[in-house]
Amino acid sequence: MTSQFKLMGIKKGMTQLFDEKGNKVVCTVIQADKHVVSQVKSAEVDGYEAVQFSAFKVSSSKLRNVKKPQLGHFKKASVEPRKKSFESKGKDCAGFQVGQEVGVEFFENIAYVDVQGTSKGKGYQGVMKRHHFAGGPASHGSGFHRHGGSCGMRSTPGRCLPGQKKAGRMGGEKVTTESLRVVKIYPEKQLLLVEGSVPGTAEGYVYISKAKKIDQVKNKK
């Protein structure tokens, strides 16, 4: 398996470790159970190359929640039903076989990863929280504290141009945190520890892949 493919995990929370120098390292714990290859797509048959991974086994008591087309798809591949399925495109798809299992061991030789998740939904927020506006003076007589300020044209008639930063819905978007260092891997528990925070809530799904800007990280150091 090459490093261009991604795996899926569950954000379990955060913890801290200490390196060999005694420095504290804040980490995010990601559980990435073994994935199974449920389909291999080729350019001749499907028009493009990709590998379909399926993760997180469905318990026998929850099989009634799996839709019939999905059950048929897993039965055709001789794979136990899984909760999540996703495609990962790459150039070495022919090296995979249906039923093959892939776990966190994939990241043993990878120093930095990108983690993609859905950010926490914060509802309707003003410009200070949503766009980090500074706001106005905090003094009593200013009359301008947490507003966005003027966005007009200083003319009559004037208008506000579209696309400006305004108050509105915040969060609930796809966010990718890049170049997170892989601190430790526990293959027996299928756990991956990365330095820093990742998007989303605890028990939320995230996608893990090799860092695309790894060369820039090495140059900084």
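What is the volume of the second largest pocket? The second largest pocket has a volume of about 190 Å³. The views below come from a predicted model, in which local features need pLDDT of at least 70, side-chain atom pairs count only at pLDDT 80 or more, and totals for chains, interfaces and linings use all residues. Residues are numbered from 1 along each chain as its sequence is written, and side-chain values use heavy atoms, with hydrogens and water left out.

**View 1. The largest pocket, with a volume of about 330 Å³.** A pocket is an open set of points, on a 1 Å grid over the protein atoms alone, where a 1.4 Å probe fits, with protein on both sides within 12 Å along at least five of seven lines; lining residues have an atom within 4 Å of a point. A volume is the space filled by probe spheres set on the points, which are joined across faces, edges and corners. This pocket is lined by 17 residues, and Lys6, Asp114, Ser209, Lys210 and Lys212 are the closest to its centre.

**View 2. Strands around the largest pocket.** Two or more lining residues come from each of strands E5 (82–89), E7 (112–118), E10 (174–186) and E12 (205–210). Strand E12 gives the most, with four residues. Strands (E, at least two residues) and helices (H or I, at least four) are DSSP runs, numbered from the N terminus.

**View 3. The lining of the second largest pocket.** Among its 13 lining residues, Val66, Gln70, Arg82, Lys83 and Lys84 lie nearest the centre. Helix H2 (68–76) and strand E5 each give two or more residues to this lining, and E5 gives the most, with four.
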